Amino acid sequence: MCLAIPGQVTEIHEDNGIMMGKVNFGGITKNVCLAYVPEIAVGDYTIVHVGFALNRIDEESARATLKMFEELGVLNEELEVPDEVHE
Amino acid sequence: MEFTNWSCPLPLLDYPNIVIGHGGGGKLSAELIEHLFLPAFRNDVLENLGDSSVLNVPAGRLAFSTDSFVVKPLFFPGGSIGDLAVNGTVNDLAMSGARPLFLSAGFIIEEGFSMSSLAQVVQRMAQAAEKAGVLVVTGDTKVVEKGHGDGCYINTAGIGVMPDGLHIGPTRAQPGDAVIVSGSIGDHGMAIMSVRESLEFETTIESDCAALNTLVDAMLGVSRDIHVLRDPTRGGVASSLNEIAGQSRVGIMIDETKIPVKSDVHSACELLGLDPIYVANEGKLIAIVAGHAADAVLACMRTHPLGVEAAIIGTVTAKHPGMLVAKTGIGGTRVIPMQIGEQLPRIC
Amino acid sequence: MKYMNEFRDGATAQRLAQEIRQITTRPWAIMEVCGGQTHSIIRNGIDQLLPEEIELIHGPGCPVCVTPLELIDKALAIASLPGVMFCSFGDMLRVPGSTKDLFKVKSEGGDIRVVYSPLDAVTLAQKNPEKQVVFFGIGFETTAPANAMAVHLAKKLGLRNFSMLVSHVLVPPALEAIMTSPISRVQAFLAAGHVCSVMGYWQYPPIVERFHVPIVITGFEPLDVLQGIRQTVVQLEAGEASVENAYARVCSFEGNKTAQKMLEEVFEVTDRAWRGVGTIPKSGWRLSPAYRDFDAEYRFEVSGIETKESPLCRAGEVLQGALKPNQCEAFGKQCTPRNPLGATMVSAEGACAAYYNYGRFVTLEKAQQPVHA
């Protein structure tokens with residue numbers, strides 16, 4: 001289980017004493033409960049499950065992972081040894 | 001509510017809401033016909049007010065279709081039950097290759113439904129009918145007790161004329177045919193979802209509700225080697241292609257990366273855990289076209305306002321008959337089965 | 001969508017798969033715990049990119065699949081009571097109880113509402129004071145904080161007409177149960193990334209140590225799943241076993257402390273029956289005494305429920321990877337997606353449903369291959 005998708009916080013307010021906000025998911029906006037990410041700020045990305053932000057997305061970590069993926073293939077190509085050379 | 005087109009709205013203004021009498025066949029019913037339906041639909045046949053309407057139709061084959069419309073809410077982003085009621089039946093006729101001519105309109109209205117809302121629905125129907133080039137030539141109204149009827153249900157039936165020698169139908173797909181979709185999928189279903197209680201979200205997604213008959217005309221003008229036409233309404237593209245695969249006893253293989261999906265629709269589907277391929281459309285068609293004619297048909301579609309984003313999304317094959325299979329974005333394969341029941345938002 | 005589309009890149013997926021093929025020398029059986037991961041695997045065809053040696057066993061991480069039959073039957077009974085508005089996530093609507101499902105209850109006149117968030121159920125309770133609103137609070141640790149907030153808010157607002165039917169299940173006890181089961185073939189786990197985003201992964205090192213089984217915290221997009229598998233295979237090939245985090249952009253060792261605090265207040269640990277698997281001690285959460293007033297099991301007297309699991313259903317063995325769906329006698333005959341006997345056929349992520357759809361395709365493909373002389 002656990003369908004949770006990334007979105008960007010565009011607004012923060014309070015409802016019934018609970019921290020709520022608007023989160024933009026690639027063009028659509030939904031009211032989301034931000035109570036579990038009290039340190040979140042407008043502009044941050046967060047992962048949302050059933051209308052609740054569960055964690056802030058660590059953007060630096062995301063970038064690092066994507067960079068690692070990019071380097072994957074590059075490394076392979078550099079290390080590719082033609083068959084005839086195998087001892 | 002704008003009443004300027006009405007011959008004389010006064011009797012209706014006495015009744016801000018529909019009452020049982022409006023369906024009773026007496027004075028109130030007559031007032032409704034005279035002051036609401038006739039002014040909206042405006043044509044000689046209807047104005048005869050006969051028990052049935054007698055029509056001149058060209059000789060040859062007729063296409064005949066019916067559909068009932070129970071959508072909730074009645075008004076949604078980009079459309080209404082009125083638009084659907086006309087376009088839905090027009091499209092069913094167009095999918096056989098027929099030229100739609102005449103519609104009937106049967107209303108089942110809930111007691112207490114606002115007259116102004118009914119007027120809006122009827123006005124939308126009239127506008128859609130005019131745009132599609134069809135006449136509403138006969139109708140009926142019943143009123144049911146409060147608590148039934150969800151505001152308003154509409155049934156439309158339609159007659160169209162079949163061009164000679166044209167045979168389009170779900171049993172006619174053949175291996176080697178191309179599968180073309182006329183534009184982005186999932187718009188209508190997600191527009192409805194965006195205003196559904198407890199699921200609503202802010203978006204600019206609008207229903208794609210539209211009459212497809214002029215698009216079909218243009219396509220048939222380019223090639224007669226169109227084997228199947230289908231408008232993927234409930235159950236989306238997945239259901240339509242599964243049905244066609246089953247009825248034609250062929251397999252269908254599509255490439256997911258070729259299917260046009262608006263980015264907002266994609267986002268909304270991700271949010272609710274829905275697959276756009278199962279989401280309803282009301283202004284799109286699937287065309288299964290002989291391989292050699294595909295490019296020409298596609299080019300033609302792209303010049304029509306309703307086919308600007310048309311794309312070839314797959315092919316018909318002799319392999320895996322009855323099954324719809326897709327190549328995924330990462331190069332894997334998945335089977336797209338027939339939907340069981342309604343697609344529901346998921347958390348899992 | 002940012003932080004989603006990038007993790008679906010086809011070319012990178014192919015490269016990751018290539019890497020995995022290069023490092024795999026032996027058969028390995030890896031279990032992905034979470035139903036969401038199973039969904040991603042099936043949806044994207046990830047398993048087809050993997051070398052044949054790697055078998056992915058679809059785990060019990062799907063609340064649809066494991067909610068105990070007794071609780072489903074109780075839910076159906078409550079939903080059938082007059083004056084009740086029964087709110088649920090969409091997933092649960094077609095899960096079969098002993099005799100029917102929520103859809104059938106709806107057709108019999110029950111007021112059943114699909115909601116996106118548990119807070120929607122609280123809103124419905126406020127808007128409909130004459131109805132008793134009951135929310136079906138199922139899920140793993142990922143969903144628990146949301147359910148907790150809903151009942152916490154209801155208490156705060158003093159709502160007399162809101163209650164929750166709770167059936168939470170916990171991942172770590174399930175992993176232990178699988179590893180101690182004599183029929184399990186699991187050699188490594190892809191841990192549920194979103195469960196860990198809430199709970200952290202401090203619970204896993206003792207499991208790794210006890211069973212010498214690699215556990216890699218894994219996300220859900222195709223690249224996340226492939227990366228998780230890659231890191232797992234590296235460990236397996238080296239004979240190592242440790243906890244690794246392959247979903248670092250979302251998961252930390254400690255998890256979400258704010259959420260955990262709320263969970264401690266609202267829930268308490270309980271033994272929980274897992275449908276098809278049996279009772280796993282201390283593997284669930286129920287409402288704590290402070291919230292007993294909002295517990296639907298106490299509020300509604302629903303007795304005389306006769307719980308009857310189909311004797312033909314072998315979902316439990318399938319869930320543990322001990323039985324392949326097509327080895328079950330009822331598969332494709334008495335049990336199909338249209339008429340599911342157990343939860344693994346109801347849910348599209350259930351192993352049986354996945355097999356039913358994809359398996360037929362593979363059979364047809366093989367049947368059409370030319371016969372070699």
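How many salt bridges does the rule find across the interface of chain A and chain B? It finds one, a salt bridge here being a side-chain nitrogen of Lys or Arg within 4 Å of a carboxyl oxygen of Asp or Glu. The partners are B:Glu202 and A:Lys22, whose side chains meet at 2.5 Å, N to O.

A word on the ground rules. This is a predicted model, where local features need pLDDT of at least 70 and side-chain atom pairs count only at pLDDT 80 or more, while totals for chains, interfaces and linings use all residues. Residues are numbered from 1 along each chain as its sequence is written, chains are lettered from A in the order in which they are written, and side-chain values use heavy atoms, with hydrogens and water left out.

Let's stay with chains A and B. Contact (heavy atoms within 4.5 Å) brings in 13 residues from chain A and 16 residues from chain B. The two chains bury about 1,200 Å² between them, with 62% of it on carbon and sulfur atoms; buried area is the accessible area (1.4 Å probe) that two parts lose on being put together, summed over both. On the chain A side, A:Leu3, A:Ile28 and A:Lys30 lose the most area to chain B, and together they make up 47% of what that side buries. There are also seven residue pairs in polar contact between the chains, both residues at pLDDT 80 or more. A polar contact is a pair of N or O atoms within 3.5 Å; within protein, one must be able to donate a hydrogen and the other to accept it, and residues adjacent in sequence count only if both atoms are side-chain atoms. In chain A, the elements giving two or more residues to this side are β2 (18–25) and β3 (28–33), with β3(A) giving the most, three residues. Strands here are DSSP runs (E, at least two residues) and helices likewise (H or I, at least four), numbered from the N terminus.

Now turn to chain C against chain A. Here 50 residues from chain C touch 40 residues from chain A, and about 3,700 Å² is buried, 67% of it from carbon and sulfur atoms. C:Tyr3, C:Tyr116 and C:Arg249 supply 19% of the area that chain C buries against chain A, more than any other three residues. One salt bridge turns up across this interface too: the side chains of A:Glu59 and C:Lys2 meet at 3.9 Å, N to O.

Chain B is divided into domain 1 (10–161) and domain 2 (178–335), with bounds that come from an automatic or database domain assignment. Their centres, taken over C-alpha atoms, are 28 Å apart. The domains bury about 1,500 Å² between them, 65% of it on carbon and sulfur atoms, and B:Pro77, B:Asn91 and B:Met95 are the domain 1 residues that lose the most area to domain 2. Between these domains the count is zero salt bridges, but there are four residue pairs in polar contact, both at pLDDT 80 or more. Helix α4 (residues 81–94) of chain B gives the most to the domain 1 side, with seven residues.

Finally, zoom in on B:Ser80, which lies in strand β3 (residues 79–80) of chain B. B:Ser80 counts as buried because its relative accessibility is 0%, where buried means under 20% relative accessible area (1.4 Å probe, protein chains only), exposed over 50% and partly exposed in between. A polar atom of the B:Ser80 side chain lies 3.1 Å from the backbone nitrogen of B:Gly82. Leaving aside neighbours within four places in sequence, B:Ser80 is in contact with B:Leu74, B:Phe75 and B:Arg124.
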